Amino acid sequence: DLKMAVIRDKKVIATSKDRGIKPIFDVYTMNHSLLKDSYVADRVIGKAAAIFLIHGKIKGLYTDLISDVAMDVLEEAGIEVEYKKKVPFILNREGNDLCPIESIARKSDNINELISGIEEFFIKVGMIKNEK
């Protein structure tokens, strides 16, 4: 049932059953120190997730599915990556267009802009409430 797990010193320190970018987004924005020197397992990794993991200073990643650009930025950052399948890009849930989070990530490599863009998307789709 788990969609994401963070492991450090052979102990599971965070898990999530949420789908998409939400587990990595939540860990990074709520307590990114959990990621430092950890190993992460997640089902799908696109560029946005890769940026959060790099900024969180993880050591390694296991994923079922990774995009080419995510693989490139993780390798460039020196992070060990193990995966089942690599694809040119991550598609939306319907499989007919680019994942909306990937579209947001294409527009910025700046972590704060990425967080803002994803928060706006979450508000738009009702995943989080607008508290402004």
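**Core and helix packing in a predicted model**

Of the 36 residues in the largest nonpolar core, the ones touching the most other members are Ile21, Ile45, Phe52 and Ile118. This is a predicted model: local features need pLDDT of at least 70, side-chain atom pairs count only at pLDDT 80 or more, and totals for chains, interfaces and linings use all residues. Residues are numbered from 1 along each chain as its sequence is written, and side-chain values use heavy atoms, without hydrogens and water.

Q: What makes a set of residues a nonpolar core?
A: Its members are buried Ala, Val, Leu, Ile, Met, Phe, Trp, Tyr and Cys residues, joined through side-chain atoms within 4.5 Å. Buried means under 20% relative accessible area (1.4 Å probe, protein chains only).

Q: Which residues does Phe52 touch, not counting those up to four places away in sequence?
A: Phe52 touches Ile21, Ile24, Phe25, Tyr28, Leu35, Ile111, Leu114, Ile115 and Ile118. Contact means heavy atoms within 4.5 Å.

Q: Why are α2 and α3 called roughly parallel?
A: The axes of α2 (residues 47-55) and α3 (residues 68-76) cross at roughly 15° and come within 8 Å. Angles under 35 degrees count as roughly parallel, over 145 as roughly antiparallel, 65 to 115 as roughly perpendicular and the rest as oblique. The pair is therefore roughly parallel. Lys47, Ala50 and Ile54 of α2 meet Val69, Ala70, Val73 and Leu74 of α3.

Terms used. Axes fitted to C-alpha atoms, helices over the stretch in contact; angles between N-to-C directions. Helix = DSSP H or I, 4+ residues; strand = E, 2+ residues; numbered from the N terminus. Buried < 20%, exposed > 50% of the residue type's maximum accessible area, 1.4 Å probe, protein only.
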